[in-house]
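Q: Hey, could you take a look at this one with me? I'd like to talk through the aromatic side chains.

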Amino acid sequence: MSAQTSPAEKGLNPGLMCQESYACSGTDEAVFECDECCSLQCLRCEEELHRQERLRNHERIRLKAGHVPYCDPCKGPNGHSPGVRQRAAVRCQTCKINLCVECQKRTHSGGNKRRHPITVYHVSKVQESLEGEEMDEETKRKKMTERVVSFLLVDENEEIQVTNEEDFIRKLDCKPDQHLKVVSIFGNTGDGKSHTLNHTFFYGREVFKTSPAQESCTVGVWAAYDPVNKVAVIDTEGLLGATVNLSQRTRLLLKVLAISDLVIYRTHADRLHNDLFKFLGDASEAYLKHFTKELKATTARCGLDVPLSTLGPAVIIFHETVHTQLLGSDHPSEAPEKLIQDRFRKLGRFPEAFSSIHYKGTRTYNPPTDFSGLRRALEQLLENNTTRSPRHPGVIFKALKALSDRFSGEIPDDQMAHSSFFPDEYFTCSSICLSCGAGCKNSMNHGKEGVPHEAKTRCSYSHQYDNRVYTCKACYERGKEVSVVPKTSASTDSPWMGLAKYAWSGYVIECPNCGVVYRSRQYWFGNQDPVDTVVRTEIVHAWPGTDAFLKDNNNAAQRLLDGMNFMAQSVSELSLGPTKAVTSWLTDQIAPAYWRPNSQILSCSQCATSFKDNDTKHHCRACGEGFCDSCSSKTRPVPERGWGPAPVRVCDNCYDARNVQLDVTEVQADDEGGTLIARKVGEAVQNTLGAVVTAIDIPLGLVKDAARPAYWVPDHEILHCHNCRKEFSVKLSKHHCRACGQGFCDECSHDRRAVPSRGWDHPVRVCFNCNKKPGDL
């Protein structure tokens, strides 16, 4: 800023000499005024002084004819507005300060200072005119802020106190299309945060409440609009105060910090304490870890035309001292900001989230506090739009609302890390894996976005939760990961056939791409474990409130009970049709290889009579063809087919040819030995089942609890319908929804729908609410 002074400029201010005496011994004429050095400076002193790193950014102006400097100690004393800066009347040569008339009377009217030599400034007409213009401009600005009032934005329980964007704009008293920035203030309770905002933005008016009482005068978060600087000003509750919900209120501060463009950290301590650096360092870490992602998501979700910056706000540390020097005064070669960075480093805190950190100090020898330096620093940073640009007030509200919705809820004190101002527990999901005890690493309320729980560590298997899932090995080798669920029947099987196959062949594993890949009892012996053959296994976390790990064949027993009830109804209502279908399938499963399958037998092989649905088909044990009862009523031993010496059913033709030995090879008989044994066992099983079916009225209630799937609510706990709240009685039966497992009356659960996630591939009873859900259940 310095330059060579032309000869014409010399002599413009013959009464103003250099007040620094840094390079010239006070003999040269003053050319510059440095407001932060509080002195007039000659060309040489200005160059030498501001060559230093810590003084390089000082604001200085070139003097004009008739220039009179400002008063140093007051800059608006005794009721004057801080924005109206008084010109000096004299300069004390001993104290080396400029004094207005009021300050001269107050500080130099008695004692030894009365004898100090002074230099009188002569105010010119031009200067009086300039001062008048400044007074008029300041009066206009002061008048603009006369109607400003603050309002409660968020209470101490983290609940927003404005209903919507329109209400926020109305209370802020600004135009909806006005572009704003947000300035917020933080600091310990009692350090004068509200007082600082009132004097920095509102010319001393008590827009934000102040009080001399011990209790904190600011509870929650308050906001007001500064029409002069066009900023939303936010006042916050102090740190280290007496509060009940300390965790929630501290988390609230970070949400305010996240929507701010400029943050003031106010401290009234004579020396900067570690809590300042810990607060800002922890806030930076929490901002990067939890808030950056959410601000990006808010921009995309709300369709904002102005992106929310993922870089944190600029920070001004406003430090007021009384008895100690300001930071950097004893290290002239180092800027205060460098000393602050060194303090952060020593404490292991790294405020890398903030776009910049500035130090602005003021030493108060006599009240009131000088806020002019803070005001100028704020104005300079607010004009900088390189990293954070102003936005509509509606965008500010949307960002605060999104952060409040995401980071809300109670914080468990028993798991709190009190070594940090903003521990992860303030912002991360509180769910704990039931199997291994690991915590979810995602942010709070992530389920609203459809994001599942995740943990940093792998889980361990627990028999209690059976948290093992299968994926199809064939699909995995083709680059796909398809989950498969062990269940009682394939999706292509009818309820009757599925029940019969489950009773005979065990549970089934079915892949949507590959079909049925495994049956647990597919062979009579030598069945391999599915993990060794067709599926990959993975241990997953068992999170509270979710039951994805229960998607196995736990409903098999209930399916069996449902099937028995259905069988009893079918016998009485539909004759023997379903029973015949099951019998035919069972026969094919255990029949010898030379038997013709039931599905291919449409008519009697001898008399050609067509079979109806309820007609019984008989196989000749000798030739294996299908016959009606009258054409296969005879019996004789068929040892050549492996049936031994006992008489078995044969057709009339084979009975007549009983003296003719069938040409059956020995190898063929060996191959069929296993199936013949299966057939004999199967016939005994069918005879037993037939006896059970005839006496179907067995007390099913005795085994209902044993058959209940794990996710079903036990019957004894169901007293009312989960939907209509009707009380269950003998006349009002209780029914379980196959999707959610809650108990309902018949009216609230009369819908039928497949629930493949629970292993029900065919329509089963579901409640009214589950039936409304889109997609597969």
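This is a predicted model: local features need pLDDT of at least 70, side-chain atom pairs count only at pLDDT 80 or more; totals for chains, interfaces and linings use all residues.

Q: Where do F151 and F168 sit in the chain?

A: F151 is in strand β7 (residues 151–154) and F168 is in helix α4 (residues 165–172). They are 17 residues apart, and the pair links distant parts of the chain.

Q: And F151, buried or exposed?

A: Buried, because its relative accessibility is 8% and the cut-off for buried is under 20%. F168 is buried too, with a relative accessible area of 4%.

Q: OK, what about F168 and F397, how are those rings arranged?

A: Their centres are 5.8 Å apart with the planes at 35 degrees, so the pair is tilted. This pair also links distant parts of the chain: F168 in helix α4 and F397 in helix α10 (residues 393–406) are 229 residues apart. Like F168, F397 is buried.

Q: Which residues form one aromatic cluster with F168?

A: F151 and F397; together with F168 they make up one aromatic cluster.

Q: Changing topic: what sits over the ring of Y476?

A: That's the charged end of R536, 3.7 Å from the centre of the Y476 ring.

Notes
Residues are numbered from 1 along each chain as its sequence is written. Side-chain values use heavy atoms; hydrogens and water are left out. Helices (H or I, at least four residues) and strands (E, at least two) are DSSP runs, numbered from the N terminus. Buried means under 20% relative accessible area, exposed over 50%, partly exposed in between (1.4 Å probe, protein chains only). Rings of Phe, Tyr and Trp (its six-membered ring) pair if their centres lie within 6.5 Å; planes under 30 degrees apart count as stacked, over 60 as edge-to-face and the rest as tilted. A charge sits over a ring if NZ of Lys or CZ of Arg is within 6 Å of the ring centre and within 35 degrees of the ring normal.
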